[in-house]
Amino acid sequence: MAGIFSKIVTGEIPSYKIAENDKFFAFLDINPLAEGHTLVIPKQEIDYIFDIPADQLGEMMQFAQKIAKGIEKVVPCKKIGVAVLGLEVPHAHIHLVPINSVYDIDFKREKLKLSEERFRELVLLISNHITL
Ligand code: AMP
């Protein structure tokens, strides 16, 4: 059975989509640590990131790079932090989180509560700054 992120890829479950190509998909994390917190996933449902074939894992990071470049143009930050946990959703995903300090990427922190309007605004702003 398809998992939640596969359903996001097909559109069965709505998401704040940032970008996609034939192999990868990027969307805003619904419980963000920071504005612009984005998840990058392979369209193929593989649980553990290091089970992704090496060539595809390389491509996934290159896709994530393009997304990160878009986020950093929109959200003021020192860098885009990168994290992989995968403890909740068994579909490999890279977290891209705008950070100014280590505290900004502490997953134990209380998450931001953004309005639907703000999520939509961020989607428009970030996706307009991404060239795949
Ligand atoms: P983890 O598997 O530990 O990396 O955590 C899963 C992440 O996916 C969390 O940051 C959640 O907020 C995020 N998440 C779960 N469901 C959704 C969804 N439907 N749309 C966007 N983000 C989600």
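**Note on the ligand site and the cores**

1. Start at the ligand. One of its nitrogen atoms lies 3.2 Å from a backbone N or O atom of Ile30. Keep in mind that this is a predicted model.

2. In Asp29, a side-chain N or O atom is 2.5 Å from a ligand oxygen atom. In Asn31, a side-chain N or O atom is 3.4 Å from an oxygen atom of the ligand. How much of the ligand's accessible area does the protein cover? The ligand has 510 Å² on its own, and the protein covers 87% of that.

3. Now look at the surroundings.

4. Turn to the nonpolar cores. The largest one holds 27 residues. Ile18, Leu28, Val40, Ile67 and Leu96 have the most contacts inside it.

5. Which elements give two or more residues to this core? They are the strands β1 (17-20), β2 (24-28) and β5 (94-99), plus the helices α2 (54-74) and α3 (116-127). The largest share comes from α2, with 6 residues.

6. Ile67 deserves a look of its own. Set aside its neighbours within four places in sequence. Ile67 is then in contact with Ile18, Ala19, Ala26, Thr38, Val40, Leu96, Ile130 and Leu132.

7. Another core lies apart from the largest one. This other core has 8 residues, including Val9, Phe25, Leu39 and Ile41.

Technical notes. Residues are numbered from 1 along each chain as its sequence is written. This is a predicted model: local features need pLDDT of at least 70, side-chain atom pairs count only at pLDDT 80 or more; totals for chains, interfaces and linings use all residues. Side-chain values use heavy atoms; hydrogens and water are left out. A nonpolar core is a set of buried Ala, Val, Leu, Ile, Met, Phe, Trp, Tyr and Cys residues joined through side-chain atoms within 4.5 Å. Buried means under 20% relative accessible area, exposed over 50%, partly exposed in between (1.4 Å probe, protein chains only). Helices (H or I, at least four residues) and strands (E, at least two) are DSSP runs, numbered from the N terminus. Contact means heavy atoms within 4.5 Å. A polar contact is a pair of N or O atoms within 3.5 Å; within protein, one must be able to donate a hydrogen and the other to accept it, and residues adjacent in sequence count only if both atoms are side-chain atoms. Accessible areas come from the Shrake-Rupley method with a 1.4 Å probe; for residues, only the protein chains shown count as cover.
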